[in-house]
Amino acid sequence: SFCRDFSFLFQGPGLGHGGVVVSNVFLFMSLIYLANEAAGCLDDEDEVDEECTNKVYGMTPSNVVANIAVLSGIIVAILLPVIGVMIDYADRARRLMATMAVSISIIQAVQIGTSSRSWFVMSALQVIALV
């Protein structure tokens, strides 16, 4: 049938998505831990103190991931129509989409270096990567 013959077209775009999702899970876990560390919410055994109310950069450490999602959602709502028009009217739409894919890959590679000194910058990069 038609759907079976062309089903391979729908598998390609999602192939790399799994790796990005898995890396984001690990990144978010480390961002929460590092935000707790920066806020002074770790006990003597380096475990997160659940009752800590300290803030870092004006937010509680447990809200770091939620704030990343909110910021990227707002940016997507603003930029997606613009990016869609750029792709629709670009002579080289494939090149533009490939550039976006490569930029996401570069951001993911840079985020390997997430540490207690760079976690906030990596959070900002994650906002960009989710756009």
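Which residues in α4 meet which residues in α5? The close-ups below take that pair, then the other helix pairs and a pocket. The model is predicted, with local features needing pLDDT of at least 70 and side-chain atom pairs counting only at pLDDT 80 or more, while totals for chains, interfaces and linings use all residues. Residues are numbered from 1 along each chain as its sequence is written, and side-chain values use heavy atoms, with hydrogens and water left out.

**View 1. Helix α4 (residues 93–110) beside helix α5 (residues 119–130).** Here I104, I107, Q108 and V110 in α4 meet M122, L125, Q126, I128 and A129 in α5 (contact means heavy atoms within 4.5 Å). Helices are DSSP runs (H or I, at least four residues), numbered from the N terminus. The two axes come within 10 Å and cross at roughly 160°, which makes α4 roughly antiparallel to α5. Axes are lines fitted to C-alpha atoms, for helices over the stretch in contact, and angles run from 0 to 180 degrees between N-to-C directions. Angles under 35 degrees count as roughly parallel, over 145 as roughly antiparallel, 65 to 115 as roughly perpendicular and the rest as oblique. This crossing is left-handed (the near helix is turned anticlockwise from the far one by less than a right angle; clockwise would be right-handed).

**View 2. Where α3 meets α4.** These axes come within 7 Å and cross at roughly 140°, so α3 is oblique to α4. On the α3 side you'll find I83, M86 and I87, and on the α4 side A93, L96, M97 and M100. Sorted by class, that's 7 nonpolar, no polar and no charged residues (Ala, Val, Leu, Ile, Met, Phe, Trp, Tyr, Cys and Pro count as nonpolar, Asp, Glu, Lys and Arg as charged, and the others, Gly among them, as polar).

**View 3. α3 passing α5.** The axes come within 8 Å and cross at roughly 40°, so α3 is oblique to α5. This crossing is right-handed. V64, I68, L71, S72, I75 and V76 of α3 touch W119, S123, Q126, V127 and L130 of α5.

**View 4. The second largest pocket.** About 240 Å³ of space lies in this pocket. A pocket is found on a 1 Å grid over the protein atoms alone, as an open set of points where a 1.4 Å probe fits, with protein on both sides within 12 Å along at least five of seven lines; lining residues have an atom within 4 Å of a point. Grid points are joined across faces, edges and corners, and the volume is the space filled by probe spheres set on the points. The largest share of the lining, 4 residues, comes from α4.

Technical notes: Helices (H or I, at least four residues) and strands (E, at least two) are DSSP runs, numbered from the N terminus.
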